[in-house]
Structure formats: C-alpha cells, structure tokens
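Subject: Structure handover and notes

Hello,

Please find the structure below, with the sequence alongside. My notes on what was found follow it.

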Amino acid sequence: MMRLGHEFIEALDMLAEERGLDIKVVISTLEAALLSAYNRRYHPVTGSGSSGEKTTEVKINHDTGDIVINELRKVVDKEKFKDPEREITLDDALAIDIGAEIGKVVRIERNPSDFGRIAAQTARQVITQRLRDEERKIEYIAFADRVGDMVNGTIFRVDGEQVIIQINDRADAVLPKRERIAGEKYITGSVMRFYVLDVKRNTRGPRIMLSRTHPGLLKRLMEFEIPEIQQGIVEIKNVVRDAGLRAKVSLVTLNPDVDPIGACIGGGGLRIKAVSTALKNEKIDVLLYSADPLTYIKNALSPAQVVKVEPVVDHKDEAIVYVYPDQLSLAIGKSGQNVRLAAKLTGWKININTIEPDRMPTLKDIFHDVFTE
C-alpha cells in the first residue's frame, strides 16, 4: 500500500484552510489525477471500458494518507471469459473474495512498486494546479463584482489593436482599440483611470475588458471628484459622450439650497477641470435635468441660448427648437455635435430653426413714408 503520509495530509489541510479550498474537493481531484496517471502507465488502451464502465479506482484515506488502488473485474463463467482487462472467472474471483458471485464486481488491490514516485509527482502537480485554478477563480469573482466600476491601471504594453493594462500584481486587463479615446497616447508606465466594461473567465484567469470611452467612466470620475454627488445631494440623471471631445451631463437635486451645476463646476472650475483632464481634456457641459421634456431639451442645448421649444404635432418625441440667428451655430455645434448629444441625452429628435429677434420700431419705421419720398 502506498502512502502520501501524515505530513503531506496535514500540509494539505493547512493549505486548503488558508486558501479557502474544500479539502474533500481537493482529495477527489487528487484521486482522479492518480487514477489517470495509473491508467496511462499500466492500461494505456483499456483505462475504461467502451461502455464507459470503470476498470480501476483510486481511494485516498484522508486520515492516514494511504492510497488504495483497485482494479475492477466483472465475475463471469469460465466459458464466457474473454477480456482479462474487464472480466475475471468465478474460480479466480473466489480466491480473492469468498463472497464473489457471477455478475458481481470484485476489487483486486494493486500496489506497483514503481508507482510511488509517479504518485508523489502527480500529487504535487495537482495541488499546484488546483491552487492556480482557485486563485483565478478568486480573481474572477473579485473583478466580476467590479463591472461598471472605475479602476486605476498602469500601461503595461501596446500590443497591436489593444493596450495591456496592469491593474494589480496578479491581474492584467485589455483596452481594445474601439474603447480608446481617439488620439490619446498610451505610454508604458503611465497611470490612468478606466471603466470596467466586462469580465470573463478563461483558463489563464479573468479576462478583464476596460474602456476609456464609456459614459460610465465620466460618471464615476464625477462621483470621485465631487463630494455632493458622493453624498447623494446631487444626482447624475444621464451622461452622453463624444469621447475625448465633448460630453453632456444632466443633474438634479432635491435640496433647494444646493446649486448642482455650481457644485460640479467648483470654485474657479477646478472640479470639472480635474474630471476633464482625466479624459484628454474632454469638454463637459453640466446642465439641469427637468421632468418637462421641452425644458430638458432647452437645457440640453447649453451653452446655446434657446428662445422656445415646441413639440411636433403627431410626431412622438420630436421637437422644434427656435434660436436667434447668432445662436444657430452654437446650438448645432461643430459637425452637429451639440444638437446630436442633446438629442441623445433627452431621447428626443431635435430640429433647430432660427427666429428673428423682436425689436423696438425705429424712426425710419415710424416715418417710413417720409424717408421713402
């Protein structure tokens, strides 16, 4: 009989407790690995029957560390005996087990002298692999809970279409090209903030996908920089971004003594500037949310000054916005950026028209006939 020994079992118990592993699962995994190693060495072709029945079993006594290897044989009549790898005659079976009967299975204990070294080596490999698997599982669970969160990361290397980010000593993440801010430089060793977009399990540990363009990153940065948002005094209702260029953030507060826009901008614009700097100097418009969609649209077109907003009859969620001519380019924005973001923020289709400003009549208007004679 082979033995792993008390010291090995004690060390295994201690390791399992430290790493939060179920010792029964570890022992079961070790038994399966030893079974596979035994069959590869002594039964490379017939380790298991064609119908899937076991021909060998390995059991480890957790208390003593003893390893018992049994080969399983089905008891058959002498005349029907054909396969020594799976069958045994009744006479031979009775020599091993006096209770043997036709159709039953007998266990033949094996103790090959040259398997001890293989067993010890296999045990070490299994424990090492099990610990790696468990660490990867723990890493996955830790990061799976952080999807939608913001993390600090160090640029490790730029690899073709993706940037590899080191989050901590054990976990790397990927910043795909589609999640990068256009024109942003990723210099090895520099530290940046990222949005955790997705976490998936694979054989090498969690595959963590990051983003620099997701609206959630701007939201998390504002929560980090602005105490009133952290405390729930000011709430972010919605965020839309043209990453690296411009963003719009709608705000609301239930405290009439708090100016949500002022709280987010900060003295001298320091708070919003800190957020903007972290996003390649992205321009950020902060505005008031309104439950009234027409008022919300008016606010969303900031910094343009809007004269009035009217819903389009028989067109759901569509409005016409009127501005003075000198505000038209500001309302539309470069390449339509301002109105596009405002539409995305509010969920309404926005059409912009100009309206001539009202003015007081001049002397020329009053005495038109005189001036025209």
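In what order do the three strands of the open sheet lie, and with what pairing? The order is 11-12-13, and the pairing is mixed. Before going further, please keep in mind that this is a predicted model.

On average, neighbouring strands are turned by 20° against each other, direction ignored. Strand 12 (residues 246-253) pairs with strand 13 in the parallel sense, over six bridges. Within that pairing, Ala247 is found opposite Ile284 of strand 13. Helix 11 packs on the sheet and touches strand 11, strand 12 and strand 13. The direction of helix 11 makes about 135° with that of strand 11.

Helix 11 also has a helix partner. Helix 9 (residues 293-300) packs with helix 11 (residues 337-346) at an angle of about 145°, and their axes are 9 Å apart. The crossing of helix 9 past helix 11 is right-handed. On the helix 9 side the contact is made by Tyr296, Ile297 and Ala300, and on the helix 11 side by Ala342, Leu345 and Thr346. Sorted by class, this contact has five nonpolar residues, one polar residue and no charged ones.

Is Val339 buried or exposed? Val339 counts as buried because its relative accessibility is 15%, below the 20% cut-off. Neighbours within four places in sequence left aside, Val339 is in contact with Leu301, Ala331, Ile332, Ile350 and Ile352. Lys349 is 10 residues from Val339 in sequence, and the two are 9.3 Å apart in space, C-alpha to C-alpha.

Strand 2 (residues 56-60) is mostly covered, with four of its five residues buried. Strand 2 runs antiparallel to strand 3, and five bridges join the two. One of the bridge pairs is Lys59 with Val68 of strand 3. The two strands form a hairpin with five residues between them. In the turn, Gly65 has a positive phi of about 85°.

Strand 3 (residues 66-76) also holds Arg73. With a relative accessibility of 5%, Arg73 counts as buried. What does the side chain of Arg73 meet in the way of polar partners? The side chain of Glu71 is joined to that of Arg73 by a polar contact of 2.6 Å. Beyond neighbours within four places in sequence, the residues in contact with Arg73 are His43, Thr55, Pro84, Glu85, Arg86, Glu87, Ile88, Lys104, Val105, Val106 and Ile108.

Strand 6 (residues 150-159) and strand 7 (residues 162-166) run antiparallel and are joined by five bridges. Asp159 is placed opposite Gln162 of strand 7. This pair of strands forms a hairpin with two residues between them, and Gly160 in the turn has a positive phi of about 65°. Strand 7 is in turn joined to strand 8 (residues 172-176) by five bridges, again antiparallel. There, Ile164 is opposite Val174 of strand 8.

Asp92

The last item is Asp92, which lies in helix 3 (residues 90-96). Asp92 counts as partly exposed because its relative accessibility is 46%, and that falls between the cut-offs of 20% and 50%. The side chains of Asp92 and Thr89 are joined by a polar contact of 3.2 Å. How far apart are Asp92 and Asn353 in sequence and in space? They are separated by 261 residues in sequence and by 100 Å in space, C-alpha to C-alpha.

Regards

Technical notes. Residues numbered from 1 in each chain as written. Predicted model: local features only at pLDDT ≥ 70, side-chain atom pairs only at ≥ 80, totals over all residues. Heavy atoms only, no water. Axes fitted to C-alpha atoms, helices over the stretch in contact; angles between N-to-C directions. Left-handed = near helix turned anticlockwise from the far one by under 90°. Contact = heavy atoms within 4.5 Å. Nonpolar A, V, L, I, M, F, W, Y, C, P; charged D, E, K, R; others polar. Pairing = 2+ DSSP bridges. Buried < 20%, exposed > 50% of the residue type's maximum accessible area, 1.4 Å probe, protein only. Polar contact = N/O pair within 3.5 Å; in protein donor to acceptor, adjacent residues only side chain to side chain.
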